[in-house]
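Morning, everyone. Please have the sequence and the model up on your screens. I'll go through a few local features, one at a time.

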Amino acid sequence: MAETQFDIIVVGGGPGGYVAAIRASQLGMKAAVVEREHLGGICLNWGCIPTKALLRSSEVGHILQNLDQYGFSAKDVSFDLKKVVQRSRGVAKQLSGGVGHLLKKNKVTVIDGQGKLDGTAGGLRKLAVEKDGKTTGYTAKNIILATGARARTLPGMEPDGKAIVTYKEAMVPETLPKKLLVIGSGAIGIEFASFHHDMGSKVTVLEVMDRILPAEDEEISAFALKSFKKQGMDIRTSAKIHKLEKSGGGVKVTVEVGGKTETLDFDRCILAVGIVGNVEGIGLEGTKIKVEKTHVVVNEWLETGEPGVYAIGDLVGPPWLAHKASHEGTLCVEKIAGTMGLHPLDVTRVPGCTYCRPQVASVGLSEAKAKAAGYEVRVGHFPFIGNGKAIALGEPEGMVKTVFDKKTGELLGAHMIGAEVTELIQGYGIAMTLETTEADLMHTIFPHPTLSEMMHESVLDAYGRAIHF
């Protein structure tokens with residue numbers, strides 16, 4: 001008979017769930033993961049990873065279209081969209097299989113099906129797992145809910161999977177639209193806008209807020225807007241959408257900006273207006289678990305209101321990031337195990353990355369949020385045009401910004417836009433974790449020539465000591 005009793009059962013095999021299960025096994029607990037669809041979750045199968053594969057293809061396309069900048073020439077450059085998509089799906093499939101291998105290696109039991117809380121028995125939590133009409137019961141000392149989230153839809157803008165789509169359909173297009181509408185300018189919306197623009201689509205982005213990438217520092221948002229418009233994107237902020245309807249195989253949108261209303265036609269529309277937690281069908285009814293704005297409420301240790309039940313990742317709210325979910329999975333399990341010296345997650349120290357062209361990355365407080373929190377700040381900047389490596393790469397467009405507490409020298413936030421900043425931001429993340437001051441960062445030797453030198457110069461600039469700017 002199959003084993004049905006565990007120390008921990010994790011419901012959901014995404015980047016939060018599978019990491020939690022592996023860590024539990026490492027700590028000597030008997031662990032299982034319940035997954036209804038794909039190991040690796042949305043991130044690996046339909047989010048972070050396959051989108052980066054698509055964006056890599058569009059980046060290559062952009063370089064090919066600008067070969068003369070590097071002394072090369074080529075004729076009749078073209079692409080096969082089917083192969084571009086196949087490569088993206090292949091990357092996702094490879095990594096999903098890798099997750100399965102990791103779980104097996106760590107002796108984590110994988111249970112296929114839809115998991116649902118089913119009360120208690122003998123001091124243990126019960127979980128019912130349904131698969132192909134058959135239900136199997138399991139028990140565990142603790143259950144971790146990691147069911148993730150899905151794309152938000154808006155009334156009157158319901159996706160049909162063809163003319164109006166969400167990120168999932170947008171990742172496997174059979175054709176590229178000549179004219180694309182993107183509603184929402186957060187990370188998902190801007191990444192798809194950037195991909196399609198570099199692949200040759202004429203892109204329009206509508207954002208209800210007064211700036212794009214609204215989660216980013218205002219200077220970074222303004223820089224990004226200027227850059228995207230320079231590339232040829234049509235971006236409209238403070239946009240009020242009155243109507244979105246299918247029309248002749250495409251879509252028609254009626255939008256108001258600055259008091260002017262007009263109707264525009266597009267071949268396709270991508271909805272990128274946020275996500276909602278997958279709280280349905282997991283047995284929350286009749287429990288003490290609270291749900292607010294489609295997300296499960298937890299304390300600093302990821303505990304719900306129901307004893308022995310925890311929740312992590314996108315299910316518990318923003319920031320909706322895979323690395324935040326993984327960290328929460330580890331933190332949750334180590335708390336259950338009684339590990340000493342743990343610290344609750346500080347969400348301001350979760351780095352955020354957007355893989356558009358140019359890339360955007362940040363960690364900590366924006367300048368405005370730091371001031372709103374009562375800090376007196378010192379702010380440093382350094383432009384990519386002042387960096388030798390950026391110029392040599394042919395990527396002179398960008399900026400690094402740092403925000404410090406004027407009184408203590410604490411690094412409060414770092415914000416970057418430009419080539420490879422998603423790889424650079426971890427340097428500031430480590431600095432914040434180690435609670436370094438401006439003096440520590442100034443005394444750190446950065447290698448030359450690298451893009452990372454700009455991180456050093458931005459720190460120096462905050463204190464009037466920049467050398468190359």
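Let's start inside. Lys 324 and Glu 328 are both buried. They form a salt bridge, and their closest N and O atoms are 3.3 Å apart. Why do these two sit about one helical turn from each other? Because they are 4 residues apart in helix α8. Here is the general rule. An α-helix has 3.6 residues a turn, so residues three or four places apart point the same way.

One caution before we go on: this is a predicted model.

How many salt bridges are there? The count comes to 19.

First, Lys 168 and Glu 37. Their side chains meet in a salt bridge, 3.6 Å from N to O.

Second, Glu 280 and Arg 150. Here the closest N and O atoms are 3.0 Å apart, in another salt bridge. Glu 280 is partly exposed at 46% relative accessibility. Arg 150 is partly exposed as well, at 33%.

Now a charged residue without a bridge. Glu 438 is buried, yet has no salt bridge. Which side chain of opposite charge is nearest? That is Arg 465, 7.2 Å away. A salt bridge needs the atoms within 4 Å. Glu 438 sits in helix α12, residues 438-443. What does Glu 438 touch, beyond its neighbours within four places in sequence? Phe 404, Thr 408, Gly 409, Val 459 and Tyr 463.

Next, a pair of helices. Two packed helices are described by the angle between their axes and the distance between the axes. Take α1, residues 17-26, and α4, residues 81-105. Their axes come within 9 Å and cross at roughly 20 degrees. That makes α1 roughly parallel to α4, because angles under 35 degrees count that way. The crossing is left-handed. From α1, the contact uses Tyr 18, Ala 21 and Ile 22. From α4, it uses Val 99, Leu 102 and Leu 103.

Stay with α1. This helix is mostly covered, with 8 of its 10 residues buried. Those buried residues pack against β1, β2, α4, β6 and α8. Just after α1 comes Gly 28, with a positive phi of about 90 degrees.

Which residues other than glycine have a positive phi? Ser 238 is one, with phi near 50 degrees. Leu 302 is another, with phi near 70 degrees. Ser 238 is in the loop between β11 and β12. Leu 302 is in the loop between β18 and β19. Their surroundings are worth a look. Ser 238 is partly exposed at 39% relative accessibility. Leu 302 is buried, at 4%.

Last, the cis peptide bonds. One runs from Pro 318 to Pro 319, with omega near -10 degrees. Pro 319 is in the loop between β19 and α8. Another joins His 448 and Pro 449, with omega about -5 degrees. Where is Pro 449? In the loop between α12 and α13.

That's my tour. Thanks.

How values were computed. Residues numbered from 1 in each chain as written. Predicted model: local features only at pLDDT ≥ 70, side-chain atom pairs only at ≥ 80, totals over all residues. Heavy atoms only, no water. Buried < 20%, exposed > 50% of the residue type's maximum accessible area, 1.4 Å probe, protein only. Lys, Arg positive; Asp, Glu negative; His and termini not counted. Contact = heavy atoms within 4.5 Å. Axes fitted to C-alpha atoms, helices over the stretch in contact; angles between N-to-C directions. Parallel < 35°, antiparallel > 145°, perpendicular 65-115°, else oblique. Left-handed = near helix turned anticlockwise from the far one by under 90°.
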